[in-house]
Amino acid sequence: EIMPSLVGSEMCIRDRFRSAAGAPILVRFGAAAQVGGATRNGSESMDLGISGKTALVFGGSRGMGRACALQLAREGGAVTIAARNPQTLEQAAAEISRETGNGVGWVSADLTLPQGRDAAIAACPHPDILINNADGPLPGDFRDWTREDWIASLDAMMLGPIDMIRRLSLIHISEPTRLGMI
């Protein structure tokens, strides 16, 4: 069982997640990691044990998706970012690659469309790590939203991600020697 305890801006996850020395892993929000933090490319980071793993990150060209892709690349992951805009994707991949020294691939793919999910899997067919991240609905009064607004939000935030998890779990089940994190 995971037992989080919040102390200021720190969260200690006990029992399930421990460092190689057996100490609980400490995660700092808004600050550099101090426990087990090896310096990589000028940034403090924890060894998450994901070096060499492949990662597919939707929404990887900006915001939280880009931050996830950056950290995965810092940790030595083989990262492919996916989003709708090829220009921002190419720029983000180049910047993350330059900052981390780890090449980052990219694919123009829309998580809400089956052909976008197909393109992402073609670009990164066997990811060990999947980050489903997409823009949510624009802020506003939900009473003003149409049925089409709700359906678009469900496609982006639920149905597309569920389909990616389903597709990749089928790939991993068909290859029992591969262990995946979704």
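In the predicted model, Trp-150 is partly exposed, with a relative accessibility of 41%. Trp-145 is likewise classed as partly exposed, at 25% relative accessibility. The search for aromatic pairs returned a count of one. This pair joins the rings of Trp-145 and Trp-150, whose centres lie 5.0 Å apart. The planes of the two rings meet at 65°, and because an angle over 60 degrees counts as edge-to-face, the pair of Trp-145 and Trp-150 is assigned to that class.

Helix α1 covers residues 63–74 and comprises 12 residues. The distance from its first C-alpha to its last is 17 Å, close to the 16 Å expected at 1.5 Å a residue. The buried residues of α1 are Gly-65, Ala-69, Leu-70, Leu-72, Ala-73 and Arg-74. In an α-helix there are 3.6 residues a turn, so residues three or four places apart point the same way. Just after α1, Gly-76 adopts a positive phi of about 95°.

The cysteines were also examined. Cys-68 is partly exposed, its relative accessible area being 31%. Cys-124, by contrast, is buried, because its relative accessibility of 6% falls under the 20% limit. A disulfide is a covalent bond between the sulfur atoms of two cysteines.

Notes: Residues numbered from 1 in each chain as written. Predicted model: local features only at pLDDT ≥ 70, side-chain atom pairs only at ≥ 80, totals over all residues. Heavy atoms only, no water. Buried < 20%, exposed > 50% of the residue type's maximum accessible area, 1.4 Å probe, protein only. Helix = DSSP H or I, 4+ residues; strand = E, 2+ residues; numbered from the N terminus. Expected span 1.5 Å × (residues − 1). Phe/Tyr/Trp six-rings, centres within 6.5 Å; stacked < 30°, edge-to-face > 60°.
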